[in-house]
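Here are a few notes to go with the model you asked about. Have a look at it first, then read on.

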Amino acid sequence: MSYDPSPSYPYRPPGPPSSYDPYTYDTYPWAPQEAPEPAGRRPQRHAALGHHSDLRVLRSAYRWQRRVATLTALGYFVLFLILSAFAPSFMTSTVTDGVPTGLLLALLQVPVTWLAIALYEQTARRRVDPIADRIRKHAELDAKREGTP
């Protein structure tokens with residue numbers, strides 16, 4: 001049976017206004033409206049900061065930094081869980097006088113976490129911070145070039 005919109009149905013919802021254009025409305029009403037460019041303004045000789053390739057480099061460096069730190073801590077913990085589940089004889093064997101291997105590996109989780117934090121800070125200083133500083137300097141130069149404070 002197919003749907004038949006007949007006049008016996010008393011109410012029809014109103015359609016959109018004739019001047020309705022779904023692309024004229026902002027997705028977020030609190031988003032700032034872009035001001036039109038002044039007439040006497042010179043065109044830019046360089047790409048705007050938002051399109052700068054340094055932002056892409058910064059994102060990839062930060063992504064690499066997160067992966068190294070996460071895989072260090074999480075990888076060790078997953079290895080511990082796998083050994084606990086599939087190698088119980090290894091985990092219950094003793095290393096020294098009555099200290100089981102599983103307990104020793106569990107206690108090593110704290111230094112491995114510290115190592116992950118140290119790796120995170122080192123990669124931040126070595127790879128991420130210089131790129132962020134360079135982007136910050138470019139932004140300051142762009143702001144001075146545009147004449148904004």
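Which helix holds both Arg136 and Asp133, and how many residues apart are they?

1. Both lie in helix H4, 3 residues apart, about one turn of the helix. Helices here are DSSP runs (H or I, at least four residues), numbered from the N terminus. Arg136 and Asp133 form a salt bridge, with the closest N and O atoms 2.7 Å apart; the term means a side-chain nitrogen of Lys or Arg within 4 Å of a carboxyl oxygen of Asp or Glu.

2. A word on the source: this is a predicted model, where local features need pLDDT of at least 70, side-chain atom pairs count only at pLDDT 80 or more, and totals for chains, interfaces and linings use all residues. Residues are numbered from 1 along each chain as its sequence is written, and side-chain values use heavy atoms, leaving out hydrogens and water.

3. The structure has 3 salt bridges. Another one joins Arg125 to Glu121 (3.6 Å, N to O), and these two sit 4 residues apart in helix H4. Asp142 and Arg145 also pair up, at 3.2 Å, N to O, and they too belong to helix H4.

4. How covered are these partners? Asp142 counts as buried because its relative accessibility is 15%, while Arg125 is exposed at 55%. The cut-offs are under 20% relative accessible area for buried, over 50% for exposed and partly exposed in between (1.4 Å probe, protein chains only). Arg145 is partly exposed, at 48%.

5. Thr123 is in helix H4, which covers residues 109–146. Thr123 is buried, at 3% relative accessibility, and its side chain reaches the backbone oxygen of Tyr120 at 3.1 Å.

Technical notes: Polar contact = N/O pair within 3.5 Å; in protein donor to acceptor, adjacent residues only side chain to side chain.
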